[in-house]
Amino acid sequence: AAFAARLGQLEGVVEIRGRGLMIGIELDRPCGELVGRALEAGLLINVTAERVIRLLPPLVTSDEEADAIVDGVSRQVEQLLTA
């Protein structure tokens, strides 16, 4: 829900989907470069099918960690889409 609130209306975001803590953020363009940029920011993400950011945080993630993940990944997506 936090990703949908932050990124849902952003042009370039096709869909935000998830099941439990598995989250996929589909963009309208390739986003593989985000893997390295996110790693530099201390986040571990995966990009599949060239356009889908896949997040698989551990089940023991705290609320504070979840908020940091949402903030960090959202910031990376916003930078990519507004560049």
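**Close-up views of a predicted model**

**View 1. Gln 76 counts as buried, because its relative accessibility is 10%.** Buried stands for under 20% relative accessible area, exposed for over 50% and partly exposed for values in between, with a 1.4 Å probe and protein chains only. This is a predicted model, where local features need pLDDT of at least 70 and side-chain atom pairs count only at pLDDT 80 or more, while totals for chains, interfaces and linings use all residues. Residues are numbered from 1 along each chain as its sequence is written, and side-chain values use heavy atoms, leaving out hydrogens and water. Gln 76 sits in helix H3. Which side chain does the side chain of Gln 76 meet in a polar contact? The partner is the side chain of Arg 37, at 3.5 Å (N or O atoms within 3.5 Å, one able to donate a hydrogen and the other to accept it within protein; residues adjacent in sequence count only through side-chain atoms on both sides). Beyond its neighbours within four places in sequence, Gln 76 is in contact with Leu 34, Arg 37, Ala 38 and Ala 41 (heavy atoms within 4.5 Å).

**View 2. Here is helix H3, which runs over residues 63-82.** Its 20 residues reach 28 Å from first C-alpha to last, close to the 28 Å expected at 1.5 Å a residue (1.5 Å times one less than the number of residues). Helices (H or I, at least four residues) and strands (E, at least two) are DSSP runs, numbered from the N terminus. Look along H3 for its buried residues: Val 70, Gly 72, Val 73, Ser 74, Gln 76, Val 77, Leu 80 and Leu 81. What covers them? The cover includes helices H1 (2-7) and H2 (33-40), together with strands E1 (13-19), E2 (22-27) and E4 (52-55).

**View 3. Glu 26, in strand E2, meets two arginine side chains.** Is Glu 26 buried or exposed? Glu 26 is buried, because its relative accessible area is 13%. Its side chain makes a polar contact with the side chain of Arg 17 at 3.0 Å, and another with the side chain of Arg 51 at 2.6 Å. Not counting residues up to four places away in sequence, Glu 26 touches Gly 12, Val 13, Val 14, Glu 15, Arg 17, Arg 51 and Val 52.

**View 4. Ala 49 and Glu 50 have positive phi values.** Most residues other than glycine have a negative phi. Ala 49 has a phi of about 50 degrees, although it is not a glycine. Phi of Glu 50 is near 65 degrees. Ala 49 counts as exposed because its relative accessibility is 66%. Glu 50 counts as exposed as well, at 56% relative accessibility.

**View 5. The largest pocket has a volume of about 340 Å³.** Of its 17 lining residues, Phe 3, Leu 21, Ile 23, Ala 66 and Val 70 are closest to the centre. A pocket is an open set of points on a 1 Å grid over the protein atoms alone where a 1.4 Å probe fits, with protein on both sides within 12 Å along at least five of seven lines, and lining residues have an atom within 4 Å of a point. Points are joined across faces, edges and corners, and the volume is the space filled by probe spheres set on them. H1, E1 and H3 each supply at least two lining residues, and H3 gives the most, with four.
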